Amino acid sequence: MYIAIEGVIGVGKTTLARLLQERFMAELLLEVFEENPFLSKFYEDRARYAFQTQIFFLLSRYHQQREGVSAILNAGQPLISDYTFAKDALFASINLQGDELEMYYNVHDALAEKIPLPDLIVYLRADTGVLMDRIATRDRPYERNMERDYIATLNDAYEDFFEDFYRGVPVLRLDTDKRNIVASDEDRAFVEQEIRDALAESPRQSELPL
């Protein structure tokens, strides 16, 4: 079993992944993004630092997924990740253009062929205003210059990118505007059951943890 959780910045991907890890008796793979040396500069001047930021993320995510995902799945362990390799191309389509975007796609497509696909993508949705509030609450230094228009653009892009299926992988869409998975046992139980039901229906899923 391999579940990947997706959604816009601030929607709660990592929080949900951590909460579900014990319930599904799974290994946990978290995205490493604080180490990108271009990230804070990118939020200050996206046009200037977009290409460097995207290439760094692409190679970092590739190495983590190529080694981490494959090793865990080959060992027969369930896995929950708080991102997909596919999402890198979504960000690139917003942040890059022209020759830089074309070069990025060439590299991404070659690397993506070697990355295992999840059994289920859990796409967490939230309104832009809710996302901005959550980003402000967690107060990460490199996100303090985050623009509302940028988050709104990402929100629209995610809606188009993760529809009912992605490359044959089913996508479970969950609205998080009014669900507090941190504070509410009821909300956690609801989300867990939705995921279990979706996995049981997935043609890619052969074994579901209790």
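This is a short chat about a predicted model of one chain.

Me: How many helices and strands are in the chain?
Reply: The chain has eight helices and six strands. The model is predicted.

Me: What pattern does the chain follow along the sequence?
Reply: Read along the sequence, the order is β-α-β-α-α-β-α-α-β-α-α-β-β-α.

Me: What is the radius of gyration, and what would a compact globule have?
Reply: The chain has 17 Å, and a compact globule with 210 residues would be near 17 Å, so the two agree. Along the principal axes, the C-alpha atoms fill a box of roughly 50 × 35 × 30 Å.

Me: What share of the residues count as buried?
Reply: Of the 210 residues, 49% are buried. The accessible surface is about 10,800 Å², and carbon and sulfur atoms account for 47% of it.

Me: Contacts next. What percentage join residues at least 24 apart?
Reply: 75%, counted among contacts between residues at least 6 apart in sequence.

Me: And charges, how many positive and negative?
Reply: There are 23 positive and 38 negative charges, and their mean positions are 3 Å apart.

Me: Backbone now. What is the phi of Met-25?
Reply: Met-25 has a positive phi of about 50° and is not a glycine. Most residues other than glycine have a negative phi.

Me: Where is Met-25, and is it buried or exposed?
Reply: Met-25 sits in the loop between α1 (13–23) and β2 (27–29). Its relative accessible area is 55%, so Met-25 is exposed.

Me: What about Asp-139, where does it lie?
Reply: Asp-139 is in the loop between α6 (128–138) and α7 (148–161). Its phi is positive too, near 55°. Asp-139 counts as partly exposed, at 40% relative accessibility.

Key:
Residues numbered from 1 in each chain as written. Predicted model: local features only at pLDDT ≥ 70, side-chain atom pairs only at ≥ 80, totals over all residues. Heavy atoms only, no water. Helix = DSSP H or I, 4+ residues; strand = E, 2+ residues; numbered from the N terminus. Rg over C-alpha atoms; globule rule 2.2 N^0.38 Å. Buried < 20%, exposed > 50% of the residue type's maximum accessible area, 1.4 Å probe, protein only. Contact = heavy atoms within 4.5 Å. Areas by Shrake-Rupley, 256 points an atom, 1.4 Å probe, with all protein chains shown as cover. Lys, Arg positive; Asp, Glu negative; His and termini not counted. Charge placed at Lys NZ, Arg CZ, Asp CG, Glu CD.
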